[in-house]
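Could you have a look at it alongside my notes below?

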Amino acid sequence: MINMKRILLAIVCVLASVALSAQDVQFPFPEVPAMMTDTQARLKFVLENFWSRYDFADTSSYNEQVGEQGFSEFINLLPYADAQEQKRAVDALMTRIGSDERLMKRFDSLTDHYLGNPNSPLRNDVTYELMLRSLLTSKKIDEARRSRMEFKLNMVARNQPGSKASDFEYLDRVGRRHRFYELQSELTLLVFSDPECEHCHELMPKIIGSKVLAGDRRLKVLSVYPDENVKAWMQLRPTLPRNWSEGRSPGGQLMREQTFYLPAMPVLYLLDKDKHVILKDATLEQVEGWLKDN
């Protein structure tokens with residue numbers, strides 16, 4: 001469910017950034033009519049008119065910075081709208097880009113930087129998929145670039161929120177084989193981690209120590225090592241709570257076949273009782289927030 005207070009805060013922050021950036025880069029945000037007070041209507045107006053005052057023809061370095069600032073604000077707002085509004089907003093951007101090869105390459109680059117980079121705070125696979133699909137409609141894409149974009153789209157589109165997660169096999173602590181779908185629970189948290197990843201060293205203790213996860217009786221946690229280094233997995237096992245289920249992918253099949261898109265671990269998936277994805281590649285804070293609100 002859309003949190004209207006968060007939407008309003010997001011819109012206020014975006015529009016306020018014009019004033020805050022007075023001595024810096026200033027993106028020409030749309031001016032919301034004063035009489036428009038409904039939050040959802042304001043969001044719709046901002047997204048549909050987001051690029052209306054931006055000069056796409058200006059190739060100066062300064063205007064490139066302005067456009068990049070605008071793009072980061074644009075993709076930050078998109079998730080607060082419903083799917084149809086998001087598509088309309090992105091389609092409006094693609095219309096402005098048109099058949100300009102320079103602009104297409106520029107926004108492809110920005111899409112990868114902000115939505116495809118595992119370390120980007122704005123990374124969002126739903127928005128990434130939407131942008132890639134729209135960019136691929138352009139006729140001004142050479143075959144090499146199109147091939148790379150289609151490969152990325154194939155990876156990103158897997159196990160999106162609302163879809164049923166892919167089933168997979170894993171081996172438990174004593175070598176028994178299990179299927180993910182055999183795990184029965186009202187809610188399941190999939191935790192993909194790698195003891196050789198520095199990011200995991202930082203974040204896994206916080207996930208393991210979460211009182212919200214530990215206190216939610218609806219939830220079962222399954223920790224999965226997706227690669228093939230059995231020695232590394234053996235180092236991971238003693239650090240996990242005993243009430244978690246855990247295992248490894250036999251022969252690193254999960255990683256080899258890219259069953260799940262795992263650009264940077266740890267990766268968290270929250271699923272319902274029928275294994276439909278609720279949250280994909282979520283932060284611990286997002287998972288805790290969902291559990292508290294539902």
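Here are my notes on one aspartate and the strands around it.

1. A word on conventions: this is a predicted model, where local features need pLDDT of at least 70, side-chain atom pairs count only at pLDDT 80 or more, and totals for chains, interfaces and linings use all residues. Residues are numbered from 1 along each chain as its sequence is written, and side-chain values use heavy atoms, with hydrogens and water left out.

2. Please look at aspartate 194, in the loop between strand S3 (187-192) and helix H8 (198-208). Helices (H or I, at least four residues) and strands (E, at least two) are DSSP runs, numbered from the N terminus.

3. What does the aspartate 194 side chain have beside it? One of its polar atoms lies 2.9 Å from the backbone nitrogen of glutamate 196. Beyond neighbours within four places in sequence, aspartate 194 is in contact with Cys200, Tyr225 and Met265 (heavy atoms within 4.5 Å).

4. Strand S4 (residues 219-225) has six of its seven residues buried. S4 pairs (at least two DSSP bridges) with S3 in the parallel sense over six bridges; valine 191 has serine 223 as its bridge partner there.

5. S4 also pairs in the parallel sense with strand S5 (residues 245-248), over four bridges.

Technical notes
Polar contact = N/O pair within 3.5 Å; in protein donor to acceptor, adjacent residues only side chain to side chain. Buried < 20%, exposed > 50% of the residue type's maximum accessible area, 1.4 Å probe, protein only.
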